[in-house]
Amino acid sequence: MAWRSIDYFMMAQALHQAKLGQNNTSPNPSVGCVLIKNDQILSMGHTQAAGGAHAEVMALRAAGHAAQGATAYVTLEPCSHFGKTPPCADALIAAGVTRVVAALLDPNPLVSGQGLRRLAEHGIVVEHGLMAAEALAHHQGFFSRMIRQRPWLRCKVAASLDGQIALGNGQSQWITGAAARADVQRIRARSCAMITGISTILHDDPQLNVRDFPVERQPIKVILDSQMRTPVSAKILQQGPVLIVAAQETERRLPLEAAGAQVILCPDQSGARIDLAALCGVLAARGCNEVTLEAGGTLVGAFFAARLIDELCLYQAPVLLGQGQAMAQFSLSDLSQKQVPTHIARRMVGDDQRIIMRFTDPATDWLGK
C-alpha cells in the first residue's frame, strides 16, 4: 500500500486521540478516530468510558451531515457487533463515509475482519495496516487479552544503581526523586489493576491508588496473600475495589470481606502458593487489559521466573545502597536462561533514569511480523 503523507499525518492524529481515553475505557480498547474531507479535518473523537460512545460515533456526532463523503482514520477496525453500544461499522455506513483506513484489524473474534468486510459490502473503500506498529504499541493490552487471554503485565521497580529496592532493614522511602514518583502515577492511571504482595502490605501499608492525576476510575488493587494475612485496617482496603488472592481457605475470609475486599482462591498444584499464570487468566476474564506489578523482590522474582512479565519499567536512582533487598529474587542454573529484553528505551526523569525493557514484542510474537 502506497500511503500518502497526509494518511500518516491523520493516523497520527487518531493515535493522539486514542491516548486521550487510555485511562478510562477498559475493558474496551481506547480507539481514536479522525474524519476528513478534501484533506481537511472535519472532526475527531476517542472512545469514552465503558458503556459510552466509541471513537467513530464521537467523531460522527461532531461532524454531523458533513461526514457524508468523508474519510475516517481509526486506530482499530470498527466494531461490527452489538455490545453495550451498536456497531460502529453501521454508524459509518449510515453517515455516508466513503473511505475507512484502519491501523489494525480487531483481534476480538467477534469482529476480526468483519467490520471492514461489512463496510466494503456497502461500497466503502477500506484499507488497513497504516502505522500498525504504533497502534499496536498503544493497544497492546487489549491485544494481549484477546490473543493470549491474559493482560499485558508491566512490572514497576524503583532501585539504586546496584539494583537494591530497600535497605536490609526494609527502609525504602524514598530511593527515587519526586519526578520519578510522579511519573509512576501515569503508569498506574493506565493500569486496569495493580498487583502487590502481602509482604508489601504488612511492611509499607501502601494505597496503590492514582494520585494527582485525573482519572475516572481507580485500578483494581490485587493483593497476593496466600494465607489471607491482610489486616482489616490496611489502607488499601479503604480505597476499593480490592481483590485478595489466596491459596488456602482460612477463617480470615469473612472479616476481610466485611472490610470490603473480594477474596478468591487461586492455588497452584501444591496448594500452598498462588498460581501466577492462572491469576493472569482471572484478571483477563475480569476485563483487565494492562496490569502493573509493584512488589518486593520475592514476588517480582516469582513473576520473572514464570516468564509472565512483558515489560519492566525501572526507575534507577544515582545512589548506591550496598547489601540490601534485590529487585528480583530468582535463580538460574545457566547463563543461557537469562531473560533478554527485545526493546530498551531510556530517558531521564528528574535526577533518575527510567529504563523501559520489553520482553514481549507484540508485532513479532502476536502478528508474526
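Where does Gln-149 lie? Select Gln-149: this residue is in the loop between α6 (140-148) and β6 (152-159). Helices (H or I, at least four residues) and strands (E, at least two) are DSSP runs, numbered from the N terminus. Although Gln-149 is not a glycine, its phi is positive, at about 60°. Most residues other than glycine have a negative phi, and most peptide bonds are trans.

The model on screen is predicted: local features need pLDDT of at least 70, side-chain atom pairs count only at pLDDT 80 or more, and totals for chains, interfaces and linings use all residues. Residues are numbered from 1 along each chain as its sequence is written, and side-chain values use heavy atoms, with hydrogens and water left out.

**Whole chain**

Along the principal axes, the C-alpha atoms fill a box of roughly 65 × 45 × 40 Å.

Colour the chain by accessibility next. Of the 369 residues, 51% count as buried; buried means under 20% relative accessible area, exposed over 50%, and partly exposed in between (1.4 Å probe, protein chains only). The accessible surface of the chain is about 16600 Å², with 52% of that belonging to carbon and sulfur atoms. These areas come from the Shrake-Rupley method with a 1.4 Å probe; for residues, only the protein chains shown count as cover.

Among contacts in the chain with a separation of 6 or more, 70% come from residues 24 or more positions apart. Contact means heavy atoms within 4.5 Å.

**Two domains**

Colour 5-141 and 150-368 separately: the domain assignment gives these as domain 1 and domain 2. The bounds come from an automatic or database domain assignment. Between domain 1 and domain 2, the contact takes 13 residues from domain 1 and 19 residues from domain 2. The C-alpha centres of the two domains lie 33 Å apart.

**Stops in domain 1**

Start with the peptide bond from Ser-26 to Pro-27, which is cis, with omega near 10°. Pro-27 is placed in the loop between α1 (5-20) and β1 (32-37).

Move on to Asp-39, in the loop between β1 and β2 (40-46). Its phi is near 65°, a positive value in a residue other than glycine. Asp-39 has 36% relative accessibility and counts as partly exposed.

Then select Cys-79, in the loop between β3 (71-74) and α3 (88-95). Is Cys-79 buried or exposed? Cys-79 counts as buried, at 8% relative accessibility. Leaving aside neighbours within four places in sequence, its contacts are His-54, Pro-86, Pro-87, Cys-88, Ala-89 and Val-111. Show Gly-115 as well: Cys-79 and Gly-115 are 36 residues apart in sequence, and 5.4 Å apart in space, C-alpha to C-alpha.

**Stops in domain 2**

Select Asn-209, in the loop between α8 (198-204) and β9 (220-224). Asn-209 counts as buried, with 7% relative accessibility. Which residues is Asn-209 in contact with, leaving aside its neighbours within four places in sequence? They are Gln-185, Arg-188, Gln-218, Lys-221 and Gln-239.

From there go to Gln-218, in the loop between α8 and β9. Gln-218 has a relative accessible area of 28% and is partly exposed. Not counting residues up to four places away in sequence, Gln-218 touches Asn-209 and Val-210. Gln-218 and Ala-193 are 25 residues apart in sequence, with 8.4 Å between them in space, C-alpha to C-alpha.

Next, select helix α11 (residues 297-305) and show side chains. Its buried residues are Gly-297, Leu-299, Val-300, Gly-301, Phe-303 and Phe-304. Just after α11, Arg-307 has a positive phi of about 55°.

The last stop is Gln-353, in strand β16 (residues 352-358). With a relative accessible area of 22%, Gln-353 is partly exposed. Not counting residues up to four places away in sequence, Gln-353 touches Leu-314, Tyr-315, Gln-316, Arg-346, Arg-347 and Met-348. The C-alpha atoms of Gln-353 and Ala-317 are separated by 6.5 Å, with the two residues 36 residues apart along the chain.
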